[in-house]
Amino acid sequence: MAFNKVHHIAIICSDYQKSKHFYVEVLGLEILNEVYREERQSYKLDLALNGDYIIELFSFPNPPKRPSRPEALGLRHLAFEVDNVSIERQKLMEKGVNVEPIRTDEFTGRKFTFFADPDNLPLELYEK
């Protein structure tokens, strides 16, 4: 295999407007493209982090529920690298996001914490 990088992460949300607000206004991701696909009754929002395409946010009518805590089977969580976990945690809390206490990775010694998106998908801040 000759992978270059992860191209994107696809997320299906239950409330498109609420999730769009969270990822754009709260987390600060940039909108690259937004389309409504009438035949699927579905939005597709392409989001970038620092100019790099990273997330496809989808809405579908009545998507099935999936367990989604970090220890659930399947994709565990999405982690964002930050320079300072304490500062970014405080910014999220000021925007009304519930953020767990900061922990230290026992193997790397780096700080990290978890929070959730509007559908309770686990997201992580991990210190550089």
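## Overall fold

Helices (H or I, at least four residues) and strands (E, at least two) are DSSP runs, numbered from the N terminus. Read along the sequence, that gives the protein chain the pattern β-α-β-β-β-β-α-β-β-β, which comes to 2 helices and 8 strands. Before going further, please keep in mind that this is a predicted model, where local features need pLDDT of at least 70, side-chain atom pairs count only at pLDDT 80 or more, and totals for chains, interfaces and linings use all residues. Residues are numbered from 1 along each chain as its sequence is written, and side-chain values use heavy atoms, with hydrogens and water left out.

The C-alpha trace of the protein chain spans about 50 × 40 × 30 Å along its principal axes. Of the 128 residues, 34% count as buried, where buried means under 20% relative accessible area, exposed over 50% and partly exposed in between (1.4 Å probe, protein chains only). Among contacts (heavy atoms within 4.5 Å) between residues at least 6 apart in sequence, 46% join residues at least 24 apart.

## Helix H1 and its ends

Helix H1 covers residues 16-26, and its buried residues are Tyr16, Ser19, Phe22, Tyr23, Val24 and Val26. An α-helix has 3.6 residues a turn, so residues three or four places apart point the same way.

After H1 comes glycine 28, whose phi is positive, near 80°.

Isoleucine 9 lies in strand S1 (residues 9-13) and is partly exposed because its relative accessible area is 22%. Not counting residues up to four places away in sequence, isoleucine 9 touches Ile54, Ile55, Glu56 and Leu78. For isoleucine 9 and isoleucine 55, 46 residues apart along the chain, the C-alpha separation is 4.7 Å.

Lysine 44 sits in strand S3 (residues 42-49) and counts as buried because its relative accessibility is 17%. Its side chain makes a polar contact of 2.5 Å with that of aspartate 46; such a contact is a pair of N or O atoms within 3.5 Å, and within protein one must be able to donate a hydrogen and the other to accept it, while residues adjacent in sequence count only if both atoms are side-chain atoms. Threonine 113, in strand S7 (residues 111-116), is buried, at 0% relative accessibility. The side chain of threonine 113 reaches the backbone oxygen of proline 101 at 3.4 Å.

## The second largest pocket

A pocket is an open set of points on a 1 Å grid over the protein atoms alone, where a 1.4 Å probe fits, with protein on both sides within 12 Å along at least five of seven lines; lining residues have an atom within 4 Å of a point. The second largest pocket has a volume of about 380 Å³, the volume being the space filled by probe spheres set on the points.

Its lining holds 15 residues, with Leu27, Leu49, Val82, Glu88 and Leu125 nearest the centre. Strand S5 (78-82) and helix H2 (85-94) each supply at least two lining residues.
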